[in-house]
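This report looks at the contact between two chains, then at the build of one of them. The model is predicted.

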Amino acid sequence: MDGPVVTMQVRHVADAVAVVDIKGEVTAGCEPVLMSAYEEASGPGTSRLVLNFAGLEYMNSGGIGMLVTLLVRANRQRQQLAAFGLSEHYREIFELTRLDEAITIYEDEASALSVAGA
Amino acid sequence: MTEAVDPERATSAEQIELSVREAAAAMTPPASVPKDVGRWAAKVDRLDVQQRDGVRGTNVAGRRLTGPVQGFGKMWQKTYRLTVPADITPQQAIATWKAHFPEFWPAGNRFAGALTGISPGDVALLDLAIGGGVKLSTGVFVLYADEESFTLMTPQGHMFAGWITFSAERDAGATAVQAQVLMRANDPLYELGMTFGGHRKEDVFWAQTLTALGARLGAGPDAEVSTRTVCVDSRRQWHHAGNVWHNSMIRSVFQTVAAPLRALRRARRTS
């Protein structure tokens, strides 16, 4: 079986805020990588997770489904989910699937973090 | 000190620079275009529908799409899977599924899609048998399609808010075909219906669909559809209870009951 074609690096930018830098392809197959990144990002005091999609190269409908699953997990922990770095193409996919109604999209990292007060 | 510039030489230098830039541009791949472009439907706010033969075609035009985020009930991920002979590639399996999608549906249900098959952005109209002679009229939108998978998304009023992904892949030397539903019941009435028999009915629906597909792809009569059900979120989203306003089942019942009256009125007008 092929290895993962995605990497997810976690940065703790503040006590309550973590950024996940996503690079590569987001499909249903990368669920273990995303969930592992979520575990690492999600400490006891984490109230906000910010997904950085600037390195996103490919996403299929399985990838969108996986983000919904992540959203459910974050909501269960009362954590907010935000995103930045989406190209126009991927921003439209978020809007088409209406995922943007649950994951707030920002232009860049600075604006995503300024809302978080980081 | 002034620098004298020979106009001819300057032009020539600019041309050389331009040529170098053009040559470099020609060698550089175009600014990274994601390979999924063209596989996703273009963004739509509300569905536009073309009438199709054999279905009522109501409860779809002007509706918005609904994903699991917009639904009401518990969130479920249901996976139906069947193994077909290894000489069928995943691409062949999906090409067959796309080209003959309505033919694999259980009897009594109608799927009226575009003549071209399943392409991103298409809207298909559905008439689903719900018993008592009533057909539930709704539709689906082709959200995503590539050579190994395609995904349908539901509009407001459909039984569930979410998407169904049909895919095929190599699995232990064979080919597996799969339908995976990620959904919430769209409103409290549907949630009640899903709890009391709806889920079972849906399981039977997709098992029959996969069995019919498997038969076309050469699977033996003893090939069994495996079903895996996971409750992703056990909470109900009460703030979406108002989705019941769009409930296509209620509207379909009224449309069925009102059909003879409408026909009578039309007949009076023409006589």
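## The contact between the chains

Chain A puts 20 residues into the contact, and chain B puts in 23 residues. On the side of chain A that touches chain B, the elements giving two or more residues are β3 (48-59), α2 (61-76) and α3 (88-96) of chain A. The most comes from α2(A), which gives six residues.

What is the make-up of this side of chain A by class? Eight residues are nonpolar, seven are polar and five are charged.

## Secondary structure of chain A

Chain A holds five strands and four helices. Along the sequence, the pattern reads β-β-α-β-α-β-α-β-α.

## Size and packing of chain A

How does the radius of gyration of chain A sit against that of a compact globule, and why? Chain A has 118 residues, so a compact globule would have a radius of gyration near 13 Å. The value for chain A is 13 Å, which agrees. The C-alpha trace of chain A spans about 40 × 30 × 25 Å along its principal axes.

Burial can be read next. Of the 118 residues in chain A, 42% count as buried; here a buried residue has 20 or more other C-beta atoms within 10 Å of its own.

Contacts across the sequence complete the picture. Among the contacts in chain A with a separation of 6 or more, 70% join residues 24 or more positions apart.

Definitions and conventions: Residues are numbered from 1 along each chain as its sequence is written. Chains are lettered from A and ligands numbered from 1 in the order in which they are written. This is a predicted model: local features need pLDDT of at least 70, side-chain atom pairs count only at pLDDT 80 or more; totals for chains, interfaces and linings use all residues. Two residues are in contact if their C-beta atoms, placed from the backbone, lie within 7 Å. Ala, Val, Leu, Ile, Met, Phe, Trp, Tyr, Cys and Pro count as nonpolar, Asp, Glu, Lys and Arg as charged, and the others, Gly among them, as polar. The radius of gyration is taken over C-alpha atoms; the globule rule is 2.2 Å times the number of residues to the power 0.38. A residue is buried if 20 or more other C-beta atoms lie within 10 Å of its own, exposed if 12 or fewer, and partly exposed in between; C-beta atoms are placed from the backbone.
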